[in-house]
Amino acid sequence: MKKRLGIILLFTLLFIGFIINWGYSYKKGLEEAYIPIAKEQSLPIIFSEKKVFERSEFALDYLNMPIDEAHQRTLDSYYNNRAYPGAPPSIPHPLIKGERGMGGKACLQCHQNGGFTDKFNAYAPVTPHPEMINCRQCHVAQNESSFFKETTFKKVLFAQVGNNSALPGSPPMIPHEIQMRENCLSCHAGQAAPKEIRVTHPDRINCRQCHLPDTRKVVDSNIFTRIKNTKDE
Ligand code: HEC
Ligand code: HEC
Ligand code: HEC
Ligand code: HEC
């Protein structure tokens, strides 16, 4: 009798042990099945398009900004300050007294975000390239407004404005190069933007979604046409 009870007890203990063990590993198994929430993945930014978004945080400010009619720039004065399309404009104002540096912060205090400068009675144009801090490497001060001697130098024509759409109302193509001009809002929005090219929709952010560069003038597709092999005919 005692032997039988002992065997039953042994099996009961083994059974309880099995249940406990199984229950424990089952619970552990449930824990392991926990799927962590995937970390938020940011899409890779296309390098050549990155700068389009650089000033987009100011898009709504640009949209709601009243137009200061008295101090608008025109394309004429814009072109006047450039030797050819894409040339760095000269610095049309006196440099800050004793300023001998290459630029950097001294220039960015006015040119990073623009705004009205009482001293020059004008809005400071926003620079499309605040990261190129050696400003005076490319921008030289304007000391003379006329030539010492007349020259035969003629400016290459700038691109046309207002004649770049395929259909009335369709988005005009970008008539200029985009190298160094990736930061669209810096020239096309805000008080310092020449009035002819000041955009009505700075809030649309991704400009190149609708506006394509007009490369028709640059690419001569004839170069790429395969010369026919007369033997095949
Ligand atoms: C106190 C503010 C201020 C500072 C500092 C300043 N600028 Fe300007 N800058 C202006 C204003 C305002 C204009 C527009 C002048 C005009 O339209 O008559 C301007 C115009 C220019 C232009 C002509 C832009 C164009 O589209 O034609 C260039 C280039 C320029 N500045 C470069 C510089 C550089 C380089 C420095 C640093 C050495 C500098 N500026 C420092 C306010 C400033
Ligand atoms: C590597 C040469 C280079 C450097 C360095 C440089 N710029 Fe320019 N900048 C240019 C060129 C080229 C343009 C004309 C871009 C165009 O019209 O496509 C320009 C245009 C500008 C404009 C006029 C934008 C407009 O409305 O057309 C301003 C303002 C300006 N730069 C300010 C600055 C300031 C301020 C610095 C220093 C923080 C600086 N630049 C550094 C080459 C340079
Ligand atoms: C350095 C200043 C500058 C930058 C940056 C710039 N533009 Fe322009 N844009 C101009 C000027 C100036 C014109 C007038 C034509 C010319 O001179 O090339 C113009 C003309 C245009 C036009 C034609 C407008 C019309 O009515 O025909 C479009 C569209 C345009 N730009 C789109 C863009 C887009 C999109 C970007 C950004 C990828 C950009 N621009 C960046 C200065 C700039
Ligand atoms: C959803 C498409 C779309 C996007 C995004 C867009 N545009 Fe336009 N854009 C248009 C259309 C359409 C027109 C023609 C408007 C008209 O003729 O009334 C236009 C016109 C223009 C013009 C000519 C002047 C004007 O305002 O009518 C310029 C300059 C311009 N866009 C620049 C830009 C810039 C800079 C950006 C980025 C901030 C941008 N666009 C984003 C569709 C777009």
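**Group meeting talk: the iron sites and their surroundings**

Hi everyone, let me start with histidine 188, which is partly exposed because its relative accessible area is 25%; buried would be under 20%, exposed over 50%, and partly exposed is in between, using a 1.4 Å probe and protein chains only. Before going on: this is a predicted model, where local features need pLDDT of at least 70, side-chain atom pairs count only at pLDDT 80 or more, and totals for chains, interfaces and linings use all residues. Residues are numbered from 1 along each chain as its sequence is written, chains are lettered from A and ligands numbered from 1 in the order in which they are written, and side-chain values use heavy atoms, with hydrogens and water left out.

So what does His188 do here? Donors are N, O and S atoms within 2.8 Å of the metal (3.2 Å for Na, K and Ca), and water is not among the atoms, so sites may look incomplete. The pair links distant parts of the chain, 12 residues apart: histidine 176 sits in the loop between helix H6 (135–138) and helix H7 (184–188), and histidine 188 in helix H7. Helices (H or I, at least four residues) and strands (E, at least two) are DSSP runs, numbered from the N terminus. Histidine 176 also counts as partly exposed, because its relative accessibility is 25%.

Now to ligand 1. Which residues coordinate its iron atom? They are His93 and His111, again by NE2 and at 2.0 Å. Here histidine 93 lies in the loop between helix H4 (75–80) and helix H5 (105–111), with histidine 111 in helix H5, 18 residues apart. Histidine 93 is partly exposed because its relative accessible area is 24%, and histidine 111 is too, because its relative accessibility is 22%.

Around ligand 1 there are 25 residues, and Arg82, His93, Cys107, Cys110 and His111 come nearest; near means that a heavy atom of the residue lies within 4 Å. H5 gives the largest share of that shell, five residues.

Last, ligand 4. It has 18 residues around it, with Thr200, His201, Cys207, Cys210 and His211 nearest. A polar side-chain atom of histidine 211 is 2.7 Å from a nitrogen atom of ligand 4, and one of histidine 201 is 2.8 Å from a nitrogen atom of ligand 4.

Key:
Polar contact = N/O pair within 3.5 Å; in protein donor to acceptor, adjacent residues only side chain to side chain.
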